[in-house]
Amino acid sequence: MNKSNDEDKEDISAEIKSIIRLKEQFKDYVEMYFLCSDTILSKVAGEILEEFIFNNMNMFNDIDIKNNSIVIVESLVVDDGEKFKKGMNHLVDKVYSIANEYWDDVVINITGGFKATIPYLTILAQVNKCPIYYIFETTDALIKIPYIPININWDIFEKNEKFFMGIEKGEIKEFPKGLNNVDDLMSIISKEDIIHFNPLGVTLWEKYKERFELFYVSKVAKEYISLNREKRQMLDNYLMKLKKDLEENPSHSKLHHELKGIDIKNFDCFKDGHIRMLYQMKKRKTRYGVEKLDVYVGDIAIDSDVHNAESEYVGRFKNNLSKIEDLSKYEVYRIEKQSKRNIEGGI
């Protein structure tokens, strides 16, 4: 490959040609990832493409290949149907991780790889409104699969949040009573030893979660939020701040505030400005191997309740401890997020 004349190099493979054509079309900085199936041939192909681009940067100006640009998608093989289903879930999650909610900047190139992945990647792209491109080895023209305006019934997820969170945790073995839209649910989940998402389910569930930050709240915390509706925005902002701090600086002292005269057992106390909050953080791995962070909020005191005489909230926290210890009884609490682009002013 490297010994070829410059004018012949772009015809070495359809993968190389498609990258060059995409670069010509977008004329912008490109950060590129090679998503490799779980086979020796695919990993070697990714390494060869990566090395070729490094050795021919004059052809690939403004293309950035990170040290982690080769991403091996575990279980993505076509000779084992069950492994392939898991592999597709891994592939969907890898794309979501790379996109990091900036879907306006994502282009998916399906020129190489297993053809069996194309239907799922096409649906993923349609849901997230990003273009898909491919090129035939014997042609020079990029072919684009454009976004089609489709409407998804997100009520399915809103009405069954606890059920879906249980699926993500790998806890659901049987269908609970009272589920909504059962026929539609069957198109996005599968049942073996436990109920789990199929690749379409992972695609839609991850997209749904991009719209919201999900917490678990005790009955005590839920009642407190309900009684303080006028402070709902302030409470939501503090909850978002709590989760961000746990992700970015989990050892910070404000996440582990000491309350005098009370044993808060397995809980921590979050102290920030006008709020005190008893919470627990749980890390877990999903069925497809991705680490998630769950925040359980047991009790809350905000604003005047924090600064009243003799810190009465501490006594209330103490009295409520027995009511908030059972995390299995917590309910899902949803906060609608702003898009990252709105928050950060674009990229």
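Student: In which sense do strand 10 and strand 11 pair, and over how many bridges?

Tutor: In this predicted model, strand 10 covers residues 275-285 and strand 11 covers residues 291-302.

Student: Which strands are the edge strands of the open sheet?

Tutor: The open sheet has five strands in the order 9-10-11-8-12, with mixed pairing. An edge strand pairs on one side only. The edge strands are therefore strand 9 (268-272) and strand 12 (331-336).

Student: At about what angle does helix 10 run to strand 11?

Tutor: Helix 10 comprises residues 219-227. This helix lies across strand 8 (212-217), strand 11 and strand 12. Its angle to strand 11 is about 60°.

Student: Is Ser-75 buried or exposed?

Tutor: Ser-75 is located in the loop between strand 2 (63-72) and helix 4 (81-99). Its phi is positive, about 70°, although Ser-75 is not a glycine. Most residues other than glycine have a negative phi. The relative accessibility of Ser-75 is 9%, and the cut-off for burial is under 20%, so Ser-75 counts as buried.

Student: Is Lys-129 buried or exposed?

Tutor: Lys-129 lies in the loop between helix 5 (118-128) and strand 4 (132-134). Its relative accessible area is 54%. Because the cut-off for exposure is over 50%, Lys-129 is exposed.

Student: How many Å apart in space are Lys-129 and Pro-146?

Tutor: In sequence, Lys-129 and Pro-146 are 17 residues apart. From C-alpha to C-alpha, their separation in space is 8.5 Å.

Terms used:
Residues are numbered from 1 along each chain as its sequence is written. This is a predicted model: local features need pLDDT of at least 70, side-chain atom pairs count only at pLDDT 80 or more; totals for chains, interfaces and linings use all residues. Side-chain values use heavy atoms; hydrogens and water are left out. Two strands pair if DSSP finds at least two bridges between them. Helices (H or I, at least four residues) and strands (E, at least two) are DSSP runs, numbered from the N terminus. Contact means heavy atoms within 4.5 Å. Axes are lines fitted to C-alpha atoms, for helices over the stretch in contact, and angles run from 0 to 180 degrees between N-to-C directions. Buried means under 20% relative accessible area, exposed over 50%, partly exposed in between (1.4 Å probe, protein chains only).
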